[in-house]
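This report walks through one protein chain, from overall makeup to individual contacts. Keep the sequence and the model open while reading.

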Amino acid sequence: MRAIALSFLSIFYISCISCSDKNTDDIKPSIGNVTQSVYASGIIKAIGQYTVYSTVNGVLQKINVVVGQHVNEGQVLFELEKEKANLNTENARLVYQLSQESNHYIQDKIAEMEMKVQAAKDKLALDESIYNRNTRIKQYQIISEIDFERVELAYKSSKINYEATKKQLEQLKAQLQNDQSRSTINLKISQKSQSDYSVKSAFSGQLFDILIKEGTLITTQTPMAIIGESNSFLLELEVDENDMVLVNLGQKVLVTMDSYKGQVFEAIVDKIYPIMQERSRTFKIEAHFVKPPQKLYPNLTAEANIVLKTKKNVITIPKSYLIQGQFVLVNKDEKRKVKIGLSDYQKVEILEGLKAEETIYKPQ
């Protein structure tokens, strides 16, 4: 008899638990606020954050900085082995010096050619004067045809010689100019190439990380360091292409981070990159904190909701109670069609089809 009673009590207890669990699925709509938003994820970046690269290949010989220090614009961060660059610069300097010496010879030739041009010019003036005078007296038959042709030929020859010497002078001057320019440019290129082996900071900021070690072979594709403004950070977020049309400048962003669990920070969208990243099918946007956390570091992960609109004092139900996006369960098993409005990740607004005092059931 006692065993039967215990069995009955056990069954009753289990039934009560079942009833209790079942009752937890029975709720009434609540009156509250609902916010429609777009999800985005990304990282924290320092303002002006960039990765340092070398413009030349070489072996890293010396690191002149340490992680965390402040660096100034133009400060030498790394030095690559540049013996070959030094030799190239020295060779260019020797060529430049030789060109300067040869220029003296060309300048002497120019001076000589200028004298020839002047002599040709004087002779042309004389022959032209003789030709003009004989042209006037030819009509009086004072000069024979043969003598006149000789005078005419002399004038034409002087004119051709004058033009030829002028052209030779121009060529010598152009040669001098080209030789000077070429040797000067080659020297500057070599000096610039030599300076490229000293990797400098593009602007002032904080050195967040050094990514290489001394003795490493560096190429133009090797990231060397990360620099950005100290204590100035922004949010770099990625938005799915399906949601991008809803995002605009100036929208509020609610941000959560693993580093600050349970806290929500407010930010504002202030930059939208108008091109989709093909690999991820997302758009990149930037936002700044209204009131940033006390401590931030580059590359901290963040999740965000970009607020589109908020409605207050509306009827809402949990999203899990909505069936096929348009039905709810009433009277335990009766489907009723409802009209929904705004929704977030937890709840949805009910516009029509359900009153606040009615009970709905969670679908199984």
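A residue is called buried when its relative accessible area is under 20%, exposed when that area is over 50%, and partly exposed in between. By that rule phenylalanine 265 is buried, because its relative accessible area is 9%. The model discussed here is predicted.

## Overall makeup

The chain has 364 residues, and 32% of them are buried. Its secondary structure consists of 3 helices and 20 strands. The chain exposes about 23300 Å². Carbon and sulfur atoms account for 52% of that area.

Take the contacts between residues at least 6 apart in sequence: 72% of them join residues at least 24 apart.

## The nonpolar cores

The largest nonpolar core holds 28 residues. Those with the most contacts inside the core are Ile44, Leu235, Val253, Val255, Met257 and Ile306. Several strands each supply at least two of its residues: strand 2 (30-46), strand 11 (233-240), strand 12 (252-257), strand 13 (260-277), strand 14 (282-289) and strand 15 (301-318). A second, separate core has 17 residues, including Val71, Phe78, Val199 and Leu207.

What does methionine 257 contact, leaving aside its neighbours within four places in sequence? Its partners are Ile44, Phe265, Phe289, Pro293, Leu296, Thr301 and Ala302.

## Aromatic pairs

The whole structure contains 5 aromatic pairs. One of them joins tyrosine 50 and phenylalanine 203. The ring centres are 5.3 Å apart and the planes meet at 45 degrees, so this pair is tilted. The two residues are 153 residues apart and link distant parts of the chain. Tyrosine 50 sits in strand 3 (residues 50-52), while phenylalanine 203 sits in the loop between strand 7 (198-200) and strand 8 (205-210). Phenylalanine 203 is partly exposed, because its relative accessible area is 24%.

Phenylalanine 265 and phenylalanine 289 form an edge-to-face pair, because their planes stand at 90 degrees, with ring centres 6.4 Å apart. Phenylalanine 265 belongs to strand 13 and phenylalanine 289 to strand 14, so the pair ties together parts 24 residues apart in sequence. Is phenylalanine 289 buried or exposed? Phenylalanine 289 counts as buried, because its relative accessibility is 8%. Elsewhere, ring pairs link Tyr131, Phe148 and Tyr155 into a cluster.

## Lysines over rings

Two lysines lie over aromatic faces. Lysine 284 is over the face of tyrosine 273, at 4.4 Å from the ring centre. Lysine 335 is over the face of phenylalanine 327, at 5.2 Å from the ring centre.

Strand 4 (residues 58-63) and strand 6 (residues 76-80) are joined antiparallel over 3 bridges. Lysine 62 has glutamate 79, in strand 6, as its bridge partner. In a regular strand, side chains alternate between the two faces of the sheet.

Strand 8 takes part in other pairings. With strand 5 (residues 70-71), strand 8 pairs in the antiparallel sense over 2 bridges. Histidine 70 stands opposite glutamine 206 of strand 8. Strand 8 also runs antiparallel to strand 10 (residues 225-228), with 4 bridges between them. Here leucine 207 has isoleucine 227, in strand 10, as its bridge partner. Leucine 207 is also among the residues of the second core.

## Sites in the helices

Glutamine 107 is in helix 2 (residues 83-137). Glutamine 107 is partly exposed, because its relative accessible area is 37%. Its C-alpha atom is separated by 8.2 Å from that of lysine 173, 66 residues apart along the chain.

Aspartate 196 lies in helix 3 (residues 145-196). Aspartate 196 counts as buried, because its relative accessibility is 18%. What does aspartate 196 touch, not counting residues up to four places away in sequence? Aspartate 196 touches Thr55 and Val56.

Methods
Residues numbered from 1 in each chain as written. Predicted model: local features only at pLDDT ≥ 70, side-chain atom pairs only at ≥ 80, totals over all residues. Heavy atoms only, no water. Buried < 20%, exposed > 50% of the residue type's maximum accessible area, 1.4 Å probe, protein only. Contact = heavy atoms within 4.5 Å. Areas by Shrake-Rupley, 256 points an atom, 1.4 Å probe, with all protein chains shown as cover. Core = buried A, V, L, I, M, F, W, Y, C linked by side-chain atoms within 4.5 Å. Phe/Tyr/Trp six-rings, centres within 6.5 Å; stacked < 30°, edge-to-face > 60°. Lys NZ or Arg CZ within 6 Å of the ring centre and 35° of its normal. Pairing = 2+ DSSP bridges.
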